[in-house]
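Work through the following exercises with the sequence and the model side by side, and try each task before reading its solution.

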Amino acid sequence: MSQQDYYPDWLVFISVLAAFVLTLIQLPEFLAALRPALVLLIAIYWTLAMPQYFGLFTAWFLGLTMDVLNGSLLGQHAIAILLPCYIASRLRETLHMFPLWQQCITLIPLVALYEFILFWIDGISHRDTETHWRWIQILSSAAFWSVLFFLLTPFRTVAARH
Amino acid sequence: MSRFRDATPLFARRISPTLKLGLFLALSLALLFADHQTTVLKPVRAAYATMLRPLEWVAEWPSELSSVGSYFASRSTLAEENERLQKEHLLLMARVQRLAALESENMRIRALLQSSKRLSEEVLIAEIQETSNDPYRHYLRLNKGSLDGIYEGQPLIDAHGILGQVTAVSMLGSEAIMITDADHSIPVEINRNGLRTIAQGQGSDRLRLPYLPINADVKEGDLIVSSGLGGRYPPGYPVGVVSEVRRYPGEEFLEIYATPEAHIQHGREVLLVKQPPKISSSVAQSQERAP
């Protein structure tokens, strides 16, 4: 195993809450389209940073919460967050080696997967979707990863090797 | 004791992440299916949503403090808007003054009307819950039933005219047939000259007035009102407007069509008119169910 990072417990809790609140806040239309997929980003971040603490179940549960808040079909966001988190956890060691800008680029396909799953389930269940705006979120989310990184890494303490 | 605790288990207790992924995926798909096809999950969702309500309160905060839009509104546009609103306000105030005069006039005329009318009708508002999906069956389901005093055969009107009558009553709901249903006829008269006839539903959006002789005085645009014969419908309510009169030389009867006054396809509320039955219902039944 590589080195273990430690973050304060409250930070995980607060960041998840903040992600939900920021997702729910009403924005003017042009800003709403650019709103990053915050809950997904937070889920990926903690999956990478604290895998012993934040596993697939938590990611899945955050997705379910998102479904209830959004009024989408139960399980839609759950799957959409679960799969990218699983892939991220598989790529964990590689991602840790990457500089920030490469991490951002790696996030593009992950967020795209998220959007695609949402889009796909929307299509199957015959719910109207605004396709064009959905894809912009991919870029804004990837860009927001760097903001998240700068916000959260200062709290990191690297455990001494045993 | 501690020896056992430290020993690594022979079989790994931890489920592999891939298996976990599969499990959650299957679970999610089951949830998706259940949520899309059934209503089983509704209470679960409602309960969880109630628990998440505080989160939404927090999120509503900023938009309550100040709407984001007004941040970007400049002073000049605000001033412009203010001026426009002031003008509008003045205009509306002037109109309201006239409204007051009209209202009092209306009250006086209404009072006159009331005194001359033999029976005043009591009205109950009901909400349309459902309309029939079949385009040729014109039925409504209403949210008022026998508990609210609805009875079978009760006439149904909206703000513009007669809509239909109640055909089936349960305790908390009722079903009503509309005048445009092919199985429905209503005794009417031409408002202009009192000519009596029957308006039959066609299963489309218009009514047919049969049995009027070729020399009858009917013109396009004539208002048709209920005649009150048969005792089912109160007299004098608008039913429709004559939209088409065809005279075929050699035929004995005119072919007349009318469009209903009531907004058959629109609206969510209907009025149920309560009136004392005048004639035994069997007579009314045979009158209205005429072929």
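Predicted model: local features only at pLDDT ≥ 70, side-chain atom pairs only at ≥ 80, totals over all residues.

Residues are numbered from 1 along each chain as its sequence is written, chains are lettered from A and ligands numbered from 1 in the order in which they are written, and side-chain values use heavy atoms, with hydrogens and water left out.

**Exercise 1.** Find which elements of chain A have the lowest and the highest mean pLDDT.

Solution. Start from the term itself: pLDDT is the predictor's confidence in each residue, from 0 to 100. For chain A as a whole the mean is 85, and 91% of the residues reach 70 or more.

**Exercise 2.** Determine how helix 5 of chain A is oriented against helix 7 of chain A.

Solution. The axes, which are lines fitted to C-alpha atoms over the stretch in contact, with angles from 0 to 180 degrees between N-to-C directions, come within 9 Å for helix 5 and helix 7 of chain A and cross at roughly 155 degrees. Helix 5 of chain A is therefore roughly antiparallel to helix 7 of chain A, since angles under 35 degrees count as roughly parallel, over 145 as roughly antiparallel, 65 to 115 as roughly perpendicular and the rest as oblique.

**Exercise 3.** Describe how helix 3 of chain A packs with helix 5 of chain A.

Solution. Their axes lie 9 Å apart at an angle of about 30 degrees, and helix 3 and helix 5 of chain A are therefore roughly parallel to each other.

**Exercise 4.** Which residues line the largest cavity?

Solution. A cavity is a set of points on a 1 Å grid over the protein atoms alone where a 1.4 Å probe fits but cannot get out, and lining residues have an atom within 4 Å of a point. The lining consists of A:Leu48, A:Leu95, A:Gln103, A:Thr106, A:Leu107, A:Leu110 and A:Trp145. Helix 7 (residues 100-124) of chain A gives the largest share, 4 residues.

**Exercise 5.** Locate B:Tyr211 in chain B.

Solution. B:Tyr211 sits in the loop between strand 8 (207-209) and strand 9 (223-226) of chain B, and its phi is near 60 degrees, a positive value in a residue other than glycine.

Key
1 Å grid on protein atoms, 1.4 Å probe; cavity = no way out; pocket = protein on both sides within 12 Å on 5 of 7 lines; lining within 4 Å. Helix = DSSP H or I, 4+ residues; strand = E, 2+ residues; numbered from the N terminus.
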